[in-house]
Each structure stands twice: as C-alpha cells, then as structure tokens.
Amino acid sequence: METLCKKTSISEIIKHRTLVLDGAMGTMLQAYQFTEEDFRGTQFQDFQHPLKGNNDLLSITQPEAVKEVHRKYLQAGADILETNTFSSTTIGMADYYLEDYVYQLNYQSAKIAREVCDEFDIITPDKPRFVAGSIGPTNRTASMSPDVNNPGYRAITFEDLRKAYKQQVEALIDGGCDLLLVETIFDTLNAKAALFAIEEVKIERNIDIPIMVSGTITDASGRTLSGQTVDAFLISISHIPLLSIGFNCALGAEQLKPYLKQLAQHTSVNISAHPNAGLPNAFGEYDQSPEEMQQLIADFLKEDLVQIIGGCCGTNPDHIRLIADAVTQYNALRNDIEVDEIKPHPILSLSGLEPLFVTKESNFINIGERTNVTGSRKFLRLIKEEKFDEALDIARLQVENGAQIIDINMDEGMLDGKEAM
C-alpha cells in the first residue's frame, strides 16, 4: 500500500509547481536494436508466434533495458514515469497471442518503474517521483465501424473494453502505480470504458488514485479521430474527477498549442501535454531538436497553459532535460504566486461530436421526436423489421431539420429494447 500514500502528494505538489512527464519509450527501445531472440528472452524461447516489435514484452524479457530508459528520464529531470504498458491489454496483446500474460506484463512494468522511482526518491527525498500507469487506446474503436458498407458494425463492444481495461488497471495498481494515465485517446467511447473500469476498481478496493486523461487531436481539423471537437471531448469525460486533462501524440508542440488554449478556457482541471518532437518528416521520423522543442514549451509555460508537460513520439532524454530546465526556471518565477482557481459557472453542457451549451440566453432547443418507437409508426416498423440503416436516415433527417438533441426510445412491449438500442 506504500504506493497509494503518494496519491495526495501529487495533487498537492501540482498546486505549487509544474511537473515534468517523461518522453517516448519506443524511441529509446528502438536504439537497442533487439532481435527476435531478445524479445523472446528465456520465458518465451519456445513461443509459437513471432514477438519482435512488442515493446511492452521487454518489461519481462529485457527488464534492465526498460529500467535504464526510466533512469535516463529521471536523470533528465522527469517527475513522472509512464509504465511500459501502452498496448498491454488482452485486446492489444491478441496480435501476439499473449492475452494470458497481460497481468504479468502490467504488473512487471509497474514494478520496474516503481523500483527506479524509489531509487531516486532515496537520493532526493524532497523531489518525489511518481509512476503513471500508461493505458493506451487499443487498436479497436467502439464508436465507429471499420466497415464502410456497414455503419452499424462494431469491432469491439464497450463491455469488451471495460473487461480488458479492468484487468490492466488492477495489475498496474498491484505493481505500484501512483496514478493512471488514459492516453492517446482517439475514440472517447474507448476512454470512457477505461474510466468506467478504473472507477469500478476504486470502489471494489476502497481506494482513490489520481487519473490523467490525454486525448489526441489527429490533424488541423481540431478533432479526435472519432470526430469530436476539443469542447465535446472535455464534456464527454467531465463526469469523472481528474488530476489532469490534456493532449498528446499526432501533433508537435506548435500545432498543439491552440487546442491547449481552448481547454484552458473551459476547465479548471490541471492541463497536461506531451507532444511529439515536431511533425514526422518524409521518412516518418521526428527530427525537431531538443532546443527547438524547449522554446515552444517555454511559450506554453509563459502563458500558463500546462501543469504537466512531457514528450511523446520522437522525444528522448535530451528533449526532457531541456524541457525540465524550462520548467525549473518557470517554477522559480511562479513559486510565490497564488493562482486563483477558475470556477466556470455551471451550465447544462452536452456533447456529441459538437458541444451543446444550454444557458439562460439560449434560444429554443429543438428535440427530434421521430426516433421514438412510441411516437412514430414508421420508426417502429423499421426497428421491428431490423431495417436499422433506414431508421438511421430518420435520425439524420431530424438533425438536418434543426434538431440539436434527438429522443431515441426503444421501449415497446414486442421489442428487445436493449438489443434494438
């Protein structure tokens, strides 16, 4: 239980200084040029399937290399280490036929990061380090169909995701994590499954553990891959108490800045960012120098945009060292400054792909009623005949005609309402 003692301290520390998250794990591990045999180690020597490329597995088969990467980031000035578990769910490990090893992967990765943090805590107890359990998005999406010919199809269900994430969360906590980081979110429904699983574990174990959430804006459209805007993404997860919310991956610091500004305008929650080292070049590599990235991050700090800052794809300890230097200078300036907490006035905030704010100044809010089996005979007939695509056309027409909310009701005596919904 020693790990859970720190959960209050990170919440307290962040009130007084900006914290530094580590950089990319994959970038560092690639430099070792591990072979298939290295990935297999002793435990998986006779495994029937190829394992090369599964970086999470290295926590079991090459633990010293993972430890060395962690140490380099702490030496560079990081306050928070991410566990080497970005893909360590049964869903992510299915590609390598390693579903049965998910608990071991997460537990071992958390244990390694915990040991390294404890080493440094002994040397400088006045600068505590924290282990963040990295929870990636999986390679499936719960809110979109991968089949363009069948928009209603889903490759994964919310329940599948919840079970997979719960197993990961339990192992991360058992291994010694101080906080959990749900990151690189491209589909908010996936993230909500992870957050639901975390809340389940918290209730079952009667514990509280800080949660970081980090989404991914995929391009200049300012939306996640599943189509949500920054405001809609924020609203979608605002029911969960969070240590921080922010963005990582896909973009460099320069491209990420306007979206962090937008977040800052609409939440009083701490904001995090771990951008890539610029945008990828023609060869898919990241070549933004540590000095260039430091200058961009310094601008974040001057404008008080972030409370947790680190690096994603392409970053290494040199990037983190210069980021930590910028943070140290910034913290020295803000040390005695009391920042007033922003408390947005509570209003009804709803989200689909776009946000909907209902205030006293709002005009009429139009609610479409035709997607209701007790209110539309045509809709009822289509649902009974399982003509769901045609039923969706009715919903689409409601929106095109000006509905800001649609009332979907499948409660009818002759229907399996849950299945129909």
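How much space lies in the largest cavity? About 40 Å³. That is my starting point today. The model is predicted, so to speak of local features we need pLDDT of at least 70, side-chain atom pairs count only at pLDDT 80 or more, and totals for chains, interfaces and linings use all residues. Residues are numbered from 1 along each chain as its sequence is written, and side-chain values use heavy atoms, with hydrogens and water left out.

On a 1 Å grid over the protein atoms alone, a cavity is a set of points where a 1.4 Å probe fits but cannot get out. A pocket is an open set with protein on both sides within 12 Å along at least five of seven lines, and a lining residue has an atom within 4 Å of a point. Points are joined across faces, edges and corners, and the volume is the space filled by probe spheres set on them.

The whole structure has one cavity of 30 Å³ or more. Its lining consists of I135, G136, P137, Y165, V182, E183, I185, F186, D187, N190 and A191. Strand 4 and helix 9 are the elements that give two or more residues to that lining, and strand 4 has the largest share, with three. Helices here are DSSP runs of H or I with at least four residues, strands are runs of E with at least two, and both are numbered from the N terminus. By class, the cavity lining has seven nonpolar, two polar and two charged residues. Nonpolar covers Ala, Val, Leu, Ile, Met, Phe, Trp, Tyr, Cys and Pro; charged covers Asp, Glu, Lys and Arg; the others, Gly among them, are polar.

Now the largest pocket, with about 1,900 Å³ of space. It is lined by 49 residues, and S143, R154, L392, I408 and M421 are the closest to its centre. Several elements supply at least two lining residues each, among them helix 9 (188-205), strand 9 (348-351) and helix 14 (377-384). The largest share, seven residues, comes from helix 15. This lining divides into 25 nonpolar, 13 polar and 11 charged residues.

Next, two aspartates in loops. D178 sits between helix 8 (158-175) and strand 4 (179-185). Its relative accessible area is 0%, so D178 is buried; the cut-offs are under 20% for buried, over 50% for exposed and partly exposed in between, with a 1.4 Å probe and protein chains only. What does the side chain of D178 join in a polar contact of 2.8 Å? The side chain of R114. A polar contact is a pair of N or O atoms within 3.5 Å; within protein, one must be able to donate a hydrogen and the other to accept it, and sequence neighbours count only if both atoms are side-chain atoms. A polar atom of the D178 side chain also lies 2.8 Å from the backbone nitrogen of V131.

D79 is in the loop between helix 5 (63-75) and strand 2 (80-82). At 2% relative accessibility, D79 is buried too.

Last, the aromatics. Rings of Phe, Tyr and Trp (its six-membered ring) pair if their centres lie within 6.5 Å; planes under 30 degrees apart are stacked, over 60 edge-to-face, and the rest tilted. There are seven pairs in the whole structure. Y32 and F34 have ring centres 5.2 Å apart and planes at 5°, so they are stacked. Y32 is partly exposed at 28%, whereas F34 is buried at 11%. Together with F39, Y32 and F34 form one aromatic cluster.
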